[in-house]
Each structure stands twice: as C-alpha cells, then as structure tokens.
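Me: Hi! I have a structure open here and would like to talk it through. Could you help me find my way around?

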Amino acid sequence: MPYDRTVRLDADFDTAVTAVRNVLADQGFGILTEIDVKATLKAKLGHDMEDYLILGACNPPLAHQALEADRSIGLLLPCNVVVRRDGDTTLVQALDPGTMVTLTGLDTLKPVADEATARLDAALSALAAT
C-alpha cells in the first residue's frame, strides 16, 4: 500500500521549500517542526547527502479532531512533508493521511483523514502547477 503523496518539481531546493511552506499555509497548515536531515547527518556522522528536509505540518482543527477520536494518534502527528533533491529535480512527499485510518482501524478518523488528504492534495496540486 502506498503511504505517500508525491510531486516532482523542476525547481531548486530552496525555491521548492519556500513554495511548500506557502502552499501548506494556504491550506491551513503551520510548520511545527523542521529537521534538516542533511545537516544532521553531516554533523553527527560526517555523512554527505543530498538536500533533505522534513517539515512537521499541522492543521490545528484537524489535529484537534484526530486527538478527540484517538489520543494515541499523536504518534502519527504532525503530518510529515519531505522536501528532497532527487537528481536534477526536487521531490515533495507528504504522508498519506489515510494511513491514520489504516493503521488504527478507527472509522472515526476517516472524516479527518479525508479532509487532511483533500488539503494536502490541493497543496501538492498547487505546487505541480507552478
């Protein structure tokens, strides 16, 4: 089962990161966490790799609904969005919110996952259109 929603951009990394932040904000997501995997692996292991950033995106009303349905759902929050270089392009990948329903088996999470999916898909579509 695929667990990601992905678009490939013909943009440099920094331009893509800025665009991702903007389209997520347009869909009501704020960035709670940011992990620069490239810098972390370089600092901790001396390992060089391509640009790779994990953004922890959160839409507060949707997070609240999910937490009301299942307090343990915090294990799957925030919505991780990865921006990474892949050759001459930049990939933007978001965890498919439907994974929450699949992993928990809780139908009460389906409306939340559906809304989050619609918002993330709109953000990714906006990126693809640029």
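Predicted model: local features only at pLDDT ≥ 70, side-chain atom pairs only at ≥ 80, totals over all residues.

Me: Which strand pairs with S3 over six bridges, in the antiparallel sense?
Reply: S2 does: it pairs with S3 (residues 52-58) over six antiparallel bridges. You can see this in Ile31, which stands opposite Ala57 of S3, and in Gly30, whose bridge partner in S3 is Cys58. S3 is also joined to S4 by six bridges, and those two strands run antiparallel. There, Tyr52 stands opposite Arg84 in S4.

Me: What's the order of the strands in the sheet?
Reply: The order is S1-S5-S4-S3-S2, an open sheet of five strands with antiparallel pairing. S1 (4-9) and S2 (30-36) stand at the edges with a single partner strand each, so one side of each has no neighbour in the sheet. On average, neighbouring strands are turned by 20° against each other, ignoring direction.

Me: Which strands does helix H1 lie across?
Reply: H1 (residues 13-26) lies across S1, S2, S3, S4 (79-86) and S5 (89-95), and runs at about 160° to S4. Helix H2 (residues 37-45) lies across S2 and S3, at about 35° to S2.

Me: Now the inside. How many residues are in the largest nonpolar core?
Reply: There are 21 residues in the largest nonpolar core, and those with the most contacts inside it are Val20, Leu24, Val81, Val83, Val92 and Leu127. Two or more residues come from each of S1, H1, S3, S4, S5 and helix H5 (110-128). H1 gives the largest share, six residues. As background, nonpolar side chains tend to be buried together in soluble globular proteins.

Me: OK, charges next. How many salt bridges does the structure hold?
Reply: It holds nine salt bridges. One of them is Arg5 with Asp96, whose closest N and O atoms are 2.9 Å apart. That pair links distant parts of the chain, 91 residues apart: Arg5 is in strand S1, and Asp96 is in the loop between S5 and helix H4 (98-104).

Me: Are Arg5 and Asp96 buried or partly exposed?
Reply: Arg5 counts as partly exposed at 22% relative accessibility, whereas Asp96 is buried at 14%. Salt bridges with shared partners also join Arg5, Asp96 and Asp121 into one network.

Me: What about Glu34, which side chain does it meet in a salt bridge?
Reply: The side chain of Glu34 meets that of Arg21, with 2.4 Å from N to O. Glu34 is in strand S2 and Arg21 in helix H1, so to speak of sequence, they are 13 residues apart, and the pair links distant parts of the chain. Glu34 counts as partly exposed at 47% relative accessibility, and Arg21 is partly exposed with a relative accessible area of 29%.

Me: Last one: is the Glu68 and Arg71 pair buried or exposed?
Reply: Glu68 is exposed, and so is Arg71. They form a salt bridge in which the closest N and O atoms are 3.3 Å apart.

Notes
Residues numbered from 1 in each chain as written. Heavy atoms only, no water. Pairing = 2+ DSSP bridges. Helix = DSSP H or I, 4+ residues; strand = E, 2+ residues; numbered from the N terminus. Axes fitted to C-alpha atoms, helices over the stretch in contact; angles between N-to-C directions. Contact = heavy atoms within 4.5 Å. Core = buried A, V, L, I, M, F, W, Y, C linked by side-chain atoms within 4.5 Å. Buried < 20%, exposed > 50% of the residue type's maximum accessible area, 1.4 Å probe, protein only. Salt bridge = Lys/Arg side-chain N within 4 Å of Asp/Glu carboxyl O.
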